[in-house]
Amino acid sequence: MRHVFLLTWTMMRGNGLMNLSGDNRKKRKLLGKVGNTILMLLVAVYFGGLVAAGAHFIYGLLAPAGLQDLLISLFVSATVLMVFFFGVLYVISIFYHSSDVEKLLPLPLTPESIIGAKLIVTAVYEYVFVTLMILPPLIVYGVLDRQPWTFYLISLLVLLLLPLIPLCTAAVLVMLIMRLTPVARNKDRFSMVSGLLSMVVAIGIMYGMQSLGSFFGDALTRMIQTGSDRLASVAASVFPGTRFAVAALTSPSAGAALLQILLLILLTAAILVLTLGVARLVYFKGVIGLSASTARRRAVTTDTVRRSSRQQSSIIVLMRKDLLILIRTPIFFMNNVLMNLIWPVFFLVPLISTGDGLADIRQMAQSLDLAGGGRTAAIVLAVCVAAACFITGTNGISSSALSREGKLIYFMKYLPVSYTRQLWAKVLTGAAMGMVGVLLLFLIALFFLRPVWWYTLLLLAVLPGTILVSSLSGIYFDLLWPKLNWDNEQKAVKQNVNVLFGMLVPILLAGLMLGLVIGLELTLMPAALLTLLLPWLLVLVGHQLLRKVARPLLEQIQ
Amino acid sequence: MIVLNQVSKSYGGKIKAVDQIDLTVENGEIFGFLGPNGAGKTTTIKMITGILTPDSGAITLNGIDLGKDPLQAKKTFGYVPDDPNVFPRLKAMEYLQFMGNLYNVPSELRAGRIEEMAARFELKDALGDRIQSFSHGMRQKLMIIGALLHHPDVWILDEPMTGLDPRSSYQLKEMMRQHADSGRTVFFSTHVLDVAERVCDRVAVIDRGKILFCGTIAAMRNHFQSSDSLESMFLELVDRDPEKAAGLDGDLE
């Protein structure tokens with residue numbers, strides 16, 4: 001047991017759960033911690049608020065029919081199924097693909113100790129999710145249903161026990177799969193597929209939530225009832241503890257509730273023991289040899305060598321290298337590349353899910369007077385420019401460009417290419433990816449707006465400067481505080497406060513341009529001049545600044 | 001030719017990693033840089049390659065001041081770092097083309113050089129694979145090919161033999177000899193004293209940031225009046241009292 005706790009402690013430190021910023025400098029560390037904590041709190045409050053609002057709405061629908069207990073059943077079942085889904089992904093990643101596996105295997109540790117510790121680490125991740133998912137509806141239910149204090153005590157116990165059974169089930173399933181089949185043995189491919197799958201699930205949930213809005217009154221109540229029943233039956237048949245959890249929360253007496261909790265504890269304990277037993281039998285057999293990478297040993301023909309030996313500009317070559325790494329590294333792909341494409345999708349989903357609303361929106365968009373060149377045309381232009389700023393700013397490519405290099409930053413320093421040029425290659429990489437996202441959104445906008453040809457050209461003319469300055473602004477933060485000391489790529493982009501800072505300037509710029517166009521009541525031509533010239537002017541100033549600071553700042557990095 | 005003039009470097013303003021060293025590596029010689037762990041070898045190499053900036057002193061490569069004209073100076077050398085784990089998600093060929101482009105290796109020469117060196121280091125069959133699938137030795141070979149692709153005058157190699165199989169190690173030593181014999185410079189650090197003894201024209205021993213000895217192996221033997229191996233002389237040097245050892249600064253030739 002001592003081994004389990006020691007391992008858990010070590011893994012949590014290593015995973016950054018206890019150390020959000022990996023940088024050594026104290027000031028930077030504090031800044032990173034504060035920034036990350038604020039960001040996490042904001043996300044938690046936002047997500048929790050959304051769930052609470054949804055629960056409040058559903059309670060209002062169910063209570064008149066005396067069906068409010070369905071709220072508990074609905075959220076508990078949904079949470080259990082989500083814990084299982086994320087559990088499968090977490091287990092593969094933490095049990096099998098984590099970088100510590102290779103270090104743990106040679107140590108004199110039993111598989112039960114390793115899996116016990118890894119199970120606790122995974123459970124911590126799950127508890128964060130479960131708290132956000134189940135606590136708000138329980139509080140909403142408790143307050144609106146005037147539940148006694150014992151309800152909250154039972155809720156707390158349910159919260160602690162609920163994720164363990166689906167998590168253990170996921171662990172057993174994955175351990176058996178990894179022992180018996182080669183599925184998910186390729187780390188990169190798995191990360192890419194699981195990331196995309198999570199995104200599809202997230203978009204599916206969003207689509208489902210949007211679709212809820214198109215039902216009203218009884219139809220909505222019936223739908224929730226049917227949905228809840230289905231979810232509950234699936235969850236209860238796969239994870240037997242779900243029934244006890246729901247029964248505990250909806251029991252009329254505290255005694256009956258405690259009895260259900262006791263049953264839940266017994267069942268959870270039995271499943272935990274079973275999981276560790278399975279670990280003892282199959283974990284080592286599944287994990288040993290997993291880290292050994294395989295290659296097909298592809299020779300290259302003389303012709304291919306000749307053809308690829310074309311001399312290219314250093315900026316293009318550096319950009320190509322960065323793009324290849326961004327696309328081929330799953331974490332970078334999910335956080336930096338996919339981010340550019342996700343905004344257009346987020347924009348489209350609500351439009352598509354409203355059904356008839358699509359035609360209405362299109363009609364409304366086309367009724368906007370763009371050809372007249374008045375204030376409406378100016379505001380639409382400013383909105384497009386603001387969207388371009390936002391998309392490029394949120395991709396975090398330039399604001400994590402040096403952090404992503406990690407310990408390989410030294411490579412930049414001995415290449416015979418000026419620092420300014422190398423940094424510009426990174427800025428242009430971010431801009432190129434931003435351009436992809438912006439062009440996608442642009443196509444959607446064209447579909448709705450159907451503007452005259454010169455308005456389309458005008459839009460195309462103002463976008464590059466905006467995208468470029470948004471990308472350029474991000475590089476300074478990473479130049480000032482690069483996060484180079486990381487052992488897994490996640491820390492370079494996900495736990496990097498520079499990405500957050502990198503969004504600030506583009507969002508401020510978007511707000512400024514939008515504010516000026518609306519506040520000064522500009523018509524199209526002055527608005528076009530503003531959105532065209534201001535970003536390029538800033539690019540010029542930014543370039544001069546980069547030339548000045550690139551060398552001293554990069555030389556400071558040791 | 002590499003010249004270090006009164007070069008110092010400290011970390012955090014406290015620990016002096018390199019302390020006012022003077023070093024001249026002539027054209028036409030293989031120069032071995034020896035020292036125990038943490039002696040200042042890698043810090044010195046990082047300063048010569050521009051990765052670290054010295055706190056004081058000057059470094060010139062083939063007469064070009066690294067501080068004043070870093071880009072021109074960087075073009076003169078090829079550098080093999082001590083850690084060959086670079087850009088694991090690039091394919092070997094992509095990495096070599098990347099280096100070839102940045103060092104302006106003409107297209108008509110590049111393909112031939114890649115093929116010739118890949119064949120020499122038996123890497124030809126893996127050029128289409130991602131670097132992450134390579135063993136340590138294969139990565140090391142790739143680093144060497146990448147560093148030498150532009151036929152630099154000065155070779156700076158940090159622990160180049162680590163992980164190489166005997167054939168490749170032999171090949172590299174042969175290449176180092178040929179390079180030096182053609183009147184150019186090879187500067188390399190190593191822990192393998194046997195290699196240094198057999199390959200180097202001159203060696204320098206660094207410890208605690210100071211050069212304890214600089215000269216030929218014969219001069220070292222002469223100084224110690226011993227016919228012992230380089231290993232025993234090395235151990236005697238670095239085990240000395242630092243105060244006394246400081247007195248041995250400079251070339252004994």
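## A salt bridge within chain B

In this predicted model, the side chains of R167(B) and E122(B) meet in a salt bridge, with 3.4 Å from N to O. The pair links distant parts of the chain: R167(B) sits in helix α6 (residues 166-181) of chain B, while E122(B) belongs to the loop between α4 and α5 (136-148) of chain B, 45 residues apart. Is R167(B) buried or exposed? At 53% relative accessibility, R167(B) counts as exposed.

## Salt bridges within chain A

Side chains of opposite charge can pair when their charged atoms come close. Over all chains, a search of the whole structure finds 24 salt bridges. One of them joins R307(A) to D303(A), with the closest N and O atoms 3.4 Å apart. Both residues lie in helix α12 (residues 302-308) of chain A, 4 residues apart, which is about one turn of the helix. R307(A) counts as exposed because its relative accessibility is 55%, over the 50% cut-off. D303(A), at 47%, counts as partly exposed.

K426(A) and E405(A) form another salt bridge, and here the closest N and O atoms are 2.6 Å apart. Salt bridges that share partners join K426(A) and E405(A) with K321(A) and D322(A) into one network.

## Where chain B meets chain A

Now for the interface. In all, 50 residues of chain B are in contact with 43 residues of chain A. The area buried between the two chains is about 4,100 Å², and carbon and sulfur atoms give 55% of it.

R328(A) and E94(B) meet in a salt bridge through their side chains, at 2.8 Å from N to O. Across the interface, 15 residue pairs are in polar contact. Several elements of chain B give two or more residues to the side that touches chain A: β1 (2-11), α2 (70-75), β6 (77-80), α3 (92-102) and α4 (107-120). The largest share, 9 residues, comes from α3(B). By residue type, the side of chain B that touches chain A divides into 24 nonpolar, 13 polar and 13 charged residues.

## Aromatic pairs

The structure holds 23 aromatic pairs over all chains. Among them is the pair of Y141(A) and F151(A), which is tilted, at 5.5 Å centre to centre and 40 degrees between the planes. Y141(A) lies in helix α5 (residues 111-144) of chain A and F151(A) in helix α6 (residues 149-161) of chain A, so this pair ties together parts that are 10 residues apart in sequence. Y141(A) counts as buried at 2% relative accessibility, and F151(A) counts as buried at 4%.

Ring pairs also link residues of both chains into a cluster: Y410(A), F411(A) and Y414(A) with Y79(B), F87(B), Y95(B) and F98(B).

How values were computed
Residues are numbered from 1 along each chain as its sequence is written. Chains are lettered from A and ligands numbered from 1 in the order in which they are written. This is a predicted model: local features need pLDDT of at least 70, side-chain atom pairs count only at pLDDT 80 or more; totals for chains, interfaces and linings use all residues. Side-chain values use heavy atoms; hydrogens and water are left out. Contact means heavy atoms within 4.5 Å. Buried area is the accessible area (1.4 Å probe) that two parts lose on being put together, summed over both. A salt bridge is a side-chain nitrogen of Lys or Arg within 4 Å of a carboxyl oxygen of Asp or Glu. A polar contact is a pair of N or O atoms within 3.5 Å; within protein, one must be able to donate a hydrogen and the other to accept it, and residues adjacent in sequence count only if both atoms are side-chain atoms. Ala, Val, Leu, Ile, Met, Phe, Trp, Tyr, Cys and Pro count as nonpolar, Asp, Glu, Lys and Arg as charged, and the others, Gly among them, as polar. Rings of Phe, Tyr and Trp (its six-membered ring) pair if their centres lie within 6.5 Å; planes under 30 degrees apart count as stacked, over 60 as edge-to-face and the rest as tilted. Buried means under 20% relative accessible area, exposed over 50%, partly exposed in between (1.4 Å probe, protein chains only).
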